[in-house]
Amino acid sequence: MIMEEMTMTEFEKGLEKTTTVIIPVGTVEEHGPHLPLSTDTIQAMDLAKRVSQRMDVFIAPPLHYGFCRSTRCHPGTIGVSAGALRAMIRDIVKSLYFHGLRCFVILSGHAGQIHIAALNEVGEELLEEIPDISIAILSGMDLFLDKEGLVETEGDSHAGEIETSMMLYMRPELVKGRASEEYPTLPRSILVRNKRKYWPGGVWGDPSKASREKGEKMINLAVDKVIDLIKKLESHREE
Ligand SMILES: [Zn+2]
């Protein structure tokens, strides 16, 4: 049940089937010279839609902006602060709760540490404030890096083998060739202003190893995992 395509009446009727909602969260962030800036949002939304084809669940319109740290100097990255991200999630969850939703799956296409920490922090706060809700926070990292022998590139994480494969499966028309293999050399523990100097191409991994077939397998595995998680979350709520 894709909320952005539903009417008020359909939404109200949908509540008779489920009170679970997936909130897809993405970023506007460089993904190398070959993948679109909204790669994370596209992945999260596409995955959520595939889940909704197999079970009754609401899919909220995606939050297109997230917190981006190491890519903030690259052209096209438009980040928001962790505070703004927390505030948006808080307001969206509260509004959905007002309308009857009780189980919340925050599905992030972006796996940056500060971004995920902000989602967890606001999730914990909401759990304390609202007694009858359940929340799960899930990042792309949890789903896609559990490779099950699929991924050849060690340490592949951003615009590399994994994300390029998934985009080749989901939106092949948006994949503009392949960037070269690259790994950032950002210094450990030292914060640097000009992050692009240490990571010129904005790729972390090896896009040349990507294929549509791998992307299809990754997405199917990820869909299964999200469905399992929702079932657990829903039964956890009933306890
Ligand atoms: Zn990404």
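Modeller: Let us begin with a definition: a residue is called buried when its relative accessible area is under 20%, exposed when it is over 50%, and partly exposed in between. Please keep in mind that this is a predicted model.

Colleague: Is Lys195 buried or exposed?

Modeller: Lys195 belongs to the loop between H6 and helix H7 (212–238). Its relative accessible area is 13%. Because that value falls under the cut-off of 20%, Lys195 is buried.

Colleague: Which backbone oxygen lies 2.5 Å from a polar atom of the side chain of Lys195?

Modeller: Neighbours within four places in sequence are left aside in the contacts of Lys195, which are Arg69, Ser70, Arg72, Cys73 and Leu186. Of these, Arg69 is 126 residues from Lys195 in sequence, yet the C-alpha atoms are 8.9 Å apart in space. The backbone oxygen in question, 2.5 Å from a polar atom of the Lys195 side chain, is that of Val192.

Colleague: How many disulfides does the count give?

Modeller: A disulfide is a covalent bond between the sulfur atoms of two cysteines. The rule asks for two cysteine sulfur atoms within 2.5 Å. For Cys68 the nearest cysteine sulfur, that of Cys73, is 11 Å away, and Cys68 is in no disulfide. Under this rule the count is 0.

Colleague: Which term describes Cys73: buried, partly exposed or exposed?

Modeller: Cys68 has a relative accessible area of 7% and is therefore buried. Cys73 has a relative accessible area of 30%. Because this lies between the limits of 20% and 50%, Cys73 is partly exposed.

Colleague: What is the site of the zinc ion, judged by its angles?

Modeller: The protein donors are His31 (NE2), Asp40 (OD), Glu163 (OE) and Glu163 (OE), at 1.9 to 2.8 Å from the zinc ion. Four donors count as tetrahedral if all angles lie between 85 and 135 degrees. Among the 4 donor atoms here the angles are 51 to 146 degrees, and the site is irregular.

Colleague: How are the donor residues of the zinc ion spaced in sequence?

Modeller: Asp40 is in helix H2 (residues 39–52) and Glu163 in helix H6 (residues 161–170), so this pair, 123 residues apart, links distant parts of the chain. Both Asp40 and Glu163 are buried. Written as a pattern, the spacing of the donor residues is H-x8-D-x122-E.

Colleague: Which residue of S3 is the bridge partner of Val25?

Modeller: S1 and strand S3 (residues 103–108) pair in the parallel sense over 6 bridges. In S3, the partner of Val25 is Ser108.

Colleague: What is the relative accessible area of Thr20?

Modeller: Thr20 is placed in strand S1 (residues 20–25). Beyond its neighbours within four places in sequence, Thr20 is in contact with Val57, Phe58, Leu101, Cys103, Ile230 and Glu234. Thr20 is buried, and its relative accessible area is 1%.

Conventions
Residues are numbered from 1 along each chain as its sequence is written. This is a predicted model: local features need pLDDT of at least 70, side-chain atom pairs count only at pLDDT 80 or more; totals for chains, interfaces and linings use all residues. Side-chain values use heavy atoms; hydrogens and water are left out. Buried means under 20% relative accessible area, exposed over 50%, partly exposed in between (1.4 Å probe, protein chains only). Donors are N, O and S atoms within 2.8 Å of the metal (3.2 Å for Na, K and Ca); water is not among the atoms, so sites may look incomplete. Four donors count as tetrahedral if all angles lie between 85 and 135 degrees; four count as square planar and six as octahedral if opposite donors are over 155 degrees apart and all others between 65 and 115; anything else is irregular. Helices (H or I, at least four residues) and strands (E, at least two) are DSSP runs, numbered from the N terminus. Contact means heavy atoms within 4.5 Å. A polar contact is a pair of N or O atoms within 3.5 Å; within protein, one must be able to donate a hydrogen and the other to accept it, and residues adjacent in sequence count only if both atoms are side-chain atoms. Two strands pair if DSSP finds at least two bridges between them.
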